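Q: I have a model open and would like to learn how to read its features one by one. Could you take me through it?

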Amino acid sequence: MTNQGRKLEQAAKAAWLSYVAGKTQDEIAGIMGVSRQTAQRLVAQAMAEGIVKIRIDHAFAHCMDLAVALQRRYGLEFCQIAPSDAPEVGVALMLADAIEQWLRRPEPLTLAIGTGRTLRSAIAQLPHVDCPQHRIVSLTGNIAPDGSTAYYNVLFTLSDLVTARCFPLPLPVIAPTVRERQAVNSQPSIERLIRMSAGASVAFVGIGTVNDRAPLMLDGFLSRPDLDALVAAGAVGEITGWAYDARGRLIEGLSNDRVASAPIPPRETTLVIGAAQGAEKIPAIRGALQGGLISGLITDATTAAALL
């Protein structure tokens, strides 16, 4: 998407909030993370570009309608929907914008970050952000099964782009044995990082599938028998290695007993924003929504419609 296209998308969003949702300029500014003056300018730009007629003449209006419907159905605090013309790019850009808005907040906060392909694509879109007042903590281990740095872990890439203090988890996503997981997670330094992640204001996580193309298996963290056992137990998705069923309940035992990642932060205290798109991800996204594992969602219009 070109810079001009993104500006028009922002103008369309502001216009929808003003003319359809009936929000004030202060409310629009709060929702979009911009100043009141910028919100006013965006609405004016939508008028000047001819987007505002009898209806909002832009694909983003449909996306806003889907977002409102998803928020109502699943009790979400946050929902953004990208147009489906280039869903992977759109979701990554939208996720990058959301992360940047949180990093630019002036008050100190802790941001927790998961892992995955969508998050990696989003981080690649971020500009440099000067935010030394914040802390960023990884929810997942940074070590691949062969001892190297996990390719899809994003914290080290993010640390090159921001001045916030970054706290990696020097662990594998899934330990080889339960005893090893207990040993590493009981270390005082690891316990401190896990407590830090539980107190995060916001967490951004990917949503993985549990099927023949499961990232945990493709990346070497799970064997084929491990995956088959999860599927037999009803698993449909995973977040930071924690597998869950169609109702969003964590699978008891199996590989979940060896997950060294921090627990998924509680939605009562943390805004947990999941990002994923595509037909293959629908069971995993729906399970996360129904189980309340996430309180925010970024996806594309086609996926959103299927979830409704």
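Predicted model: local features only at pLDDT ≥ 70, side-chain atom pairs only at ≥ 80, totals over all residues.

Q: Which residues line the largest cavity, and what volume does it have?

A: General idea first: on a 1 Å grid over the protein atoms alone, a cavity is a set of points where a 1.4 Å probe fits but cannot get out, and lining residues have an atom within 4 Å of a point. The points are joined across faces, edges and corners, and the volume is the space filled by probe spheres set on them. In this structure, one cavity of 30 Å³ or more turns up. The largest cavity comes to about 30 Å³, and its lining is made of Thr209, Val210, Ala214, Leu216, Leu222, Leu227, Leu230 and Glu238.

Q: And how much space lies in the largest pocket?

A: A pocket is an open set of points, with protein on both sides within 12 Å along at least five of seven lines. The largest pocket holds about 1200 Å³. It is lined by 47 residues, and Lys13, Ile31, Met32, Gln80 and Gln101 are the closest to its centre. By type, the lining has 24 nonpolar, 11 polar and 12 charged residues.

Q: Which helix gives the most to that lining?

A: Helices (H or I, at least four residues) and strands (E, at least two) are DSSP runs, numbered from the N terminus. Helix 1 (3-20), helix 2 (25-32), helix 3 (36-48), helix 4 (59-74), strand 1 (78-82) and helix 5 (87-103) each put at least two residues into the pocket lining. Helix 5 gives the most, with nine.

Q: Which residues of helix 3 are buried, then?

A: An α-helix has 3.6 residues a turn, so residues three or four places apart point the same way. In helix 3, the buried ones are Ala39, Leu42, Val43, Gln45 and Ala46. They cover an arc of only 155 degrees (taken from the directions from the helix axis to the C-beta atoms), which puts them on the same side of helix 3. Gln37 and Ala48 are exposed on the face turned away from that side. The cover over the buried residues includes helix 1 and helix 2.

Q: What do the buried residues of helix 9 pack against?

A: Contact means heavy atoms within 4.5 Å. The buried set of helix 9 (residues 188-198) is Ile190, Leu193, Ile194, Met196 and Ser197. Those fall within an arc of 155 degrees, so they line one face. They pack against strand 2 (110-113), strand 3 (135-143), strand 4 (165-172) and helix 8 (178-185). Pro188 and Arg195 are exposed on the other side of helix 9.

Q: Where is threonine 240 found, and is it buried or exposed?

A: Threonine 240 sits in the loop between strand 7 (235-239) and strand 8 (242-245). Although not a glycine, it has a positive phi of about 50 degrees. At 6% relative accessibility it counts as buried. Beyond its neighbours within four places in sequence, its contacts include Gly114, Thr140, Val205 and Ile264.

Q: What about leucine 254, where does it lie?

A: Leucine 254 is in the loop between strand 8 and strand 9 (271-275). It has a positive phi too, about 55 degrees, without being a glycine. Its 41% relative accessibility makes it partly exposed.

Note on methods. Residues numbered from 1 in each chain as written. Heavy atoms only, no water. Nonpolar A, V, L, I, M, F, W, Y, C, P; charged D, E, K, R; others polar. Buried < 20%, exposed > 50% of the residue type's maximum accessible area, 1.4 Å probe, protein only.
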